[in-house]
Amino acid sequence: MAPRARSNKTGSKNKKGSKSNHKSRSQSSTSASHQTSIPLSNTSTSHHNHENSDDDDRTEEWNFVREAGPGCHIARKKEQHSSSSTADRDSGWVLEWESVHPSDFEDESVVPDVAIDPDEQTLSLCNLRNDPVVAYITVYDNLLIGRNGKALQQGSTTDKDGTSKSCTTLIVLCPPTTFAHLCRIDLESTSQTLATPSSRLLLDQLHIDSDVQVWNRHENPNDEHEHSIGFPLQGGGPFLCTQGEGGHLTHFLAGNQHAIDFQCPKGTPLLAVGDGLVVQTQDEHQQLTGIAVSNLFSWNSILLQLDPPPTSSSSSSSSSSTCATPKETKDSVGDDNTASVSETTDPLFVEYVHIASSQVQVGDRVVKGQVIGTSGGIGFSPEDHLHFAGYRSAAADAPTVRLRFEKAKSDINNNMANSSCRQDDGSQIFYPRAGRLYDCHGEIVDKGFKDNDSKCS
């Protein structure tokens, strides 16, 4: 669920700054104390029922499994002119979407991106731009109350030093010239630490981080790389795809549009999906995990540049639809210790994000099926999983490209890949979608099935 290792998910991180209300500009898009404040009445933690954003049935619609993002809540406004009856429904927990006219504001610069109403203690995203914006907003400790009066489910985050906090993160796609009044903040939900808390003191202690950027959409969402690849996880699985292409949690930006998230236990071996060269590794973080906005800018990862597929006249284990076995290769590190591969007109880079550890170094040659590291949950990661994405370029701002996963032949029984527990559409290629189970042979339709014999490495 994290951004690729060479570009930020939503652009540049907003640093903390002054706290503001609707009448004072917060350059950092963060807000907290106000001149006047009224605490919510009788809103202690025990008085709230929790809700999960009223989005229980949206896995197909949002290409994201909500249970895989505890503490994350997606806010989207229904498009008024859409012909779809379900694909663009309002998020059920949002208080109100208010259309505004920039001309009504004497000075647009005094309107903050993120603000709290001093009377109602409502948290709002203010967009006076003529473009839609994407906001990731994290509120620490305090409960957030949705439209129906229920508290939004909280999650947690852990910083690089191992300190953990409860928090809630809102992922908002806000239309142009719109104020998204998101929720109320329960200021008293953390007041048990104060002997006689005042409204002002509660607001002063409020901790909010945010990142607000103009929506960086993928210019060609149907871009698909012509080369097929293997499966990136070792073992029979099956592995649940928790977020697919265009997923509404984090996969709707240019740098993540075609990424795939697979739920997997920490320490699951990661496999090279083709022969290639290691061009980047990061595994210095050990404890950083969870749903805080700040985690969008730190992660562990491995980046490979894959070799072009062999021609039809070539023979290579990497070109067949089998679970590959590593073979000996020569590295291609030059005298200047820089890594390179043969230039092609259509290179393919693949990235493994949130890893716990890397077993390769920059300049190493890898082969299809080779273990290159282990999975984890480092970075913006509500749970342990693998975030896997492909690119045509190693540039920091390169957009993603759709990947073609090739079904492997079973090394146990040729009928295994076509078993009744598997999805067989006659194709040797599959494209993972959220809410469905996969292994190296493709989709598994029997959720009780576990392939303990078939090996994908």
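**Close-up views of a predicted model**

**View 1. Cys167 is a buried cysteine.** Cys167 has a relative accessible area of 0% and is buried (buried means under 20% relative accessible area, exposed over 50%, partly exposed in between; 1.4 Å probe, protein chains only). Cys183 is buried too, at 0% relative accessibility. The closest cysteine sulfur to that of Cys167 belongs to Cys72, 8.0 Å away, which is too far for a bond. The structure holds zero disulfides (a disulfide is a pair of cysteine sulfur atoms within 2.5 Å). This is a predicted model, in which local features need pLDDT of at least 70, side-chain atom pairs count only at pLDDT 80 or more, and totals for chains, interfaces and linings use all residues. Residues are numbered from 1 along each chain as its sequence is written, and side-chain values use heavy atoms, with hydrogens and water left out.

**View 2. The whole chain sets the context.** The chain has two helices and 28 strands (DSSP runs, numbered from the N terminus: helices are H or I, at least four residues; strands are E, at least two). It has 457 residues, and 55% of them count as buried. Take the contacts between residues at least 6 apart in sequence: 77% join residues at least 24 apart (contact means heavy atoms within 4.5 Å). The accessible surface is about 19500 Å², with 44% belonging to carbon and sulfur atoms (Shrake-Rupley method, 1.4 Å probe; for residues, only the protein chains shown count as cover).

**View 3. Arg66 and Glu67 pair through their side chains.** They meet in a salt bridge, 3.1 Å from N to O (a side-chain nitrogen of Lys or Arg within 4 Å of a carboxyl oxygen of Asp or Glu). Arg66 is buried at 15% relative accessibility. The whole structure has 13 salt bridges.

**View 4. Asp223 and Arg392 form a salt bridge between two loops.** Their closest N and O atoms are 2.8 Å apart. Asp223 sits in the loop between β12 (208-214) and β13 (224-229), and Arg392 in the loop between β24 (385-391) and β25 (400-406), so the pair ties together parts that are 169 residues apart in sequence. Asp223 is buried at 16% relative accessibility. Arg392 is partly exposed at 28%.

**View 5. Arg365 and Asp307 meet in a salt bridge.** The N to O distance is 2.4 Å. The pair links distant parts of the chain, 58 residues apart: Arg365 is in strand β22 (residues 365-366), Asp307 in the loop between β19 (301-306) and β20 (348-353). Arg365 is buried, with a relative accessible area of 19%. Asp307 is partly exposed at 23% relative accessibility.
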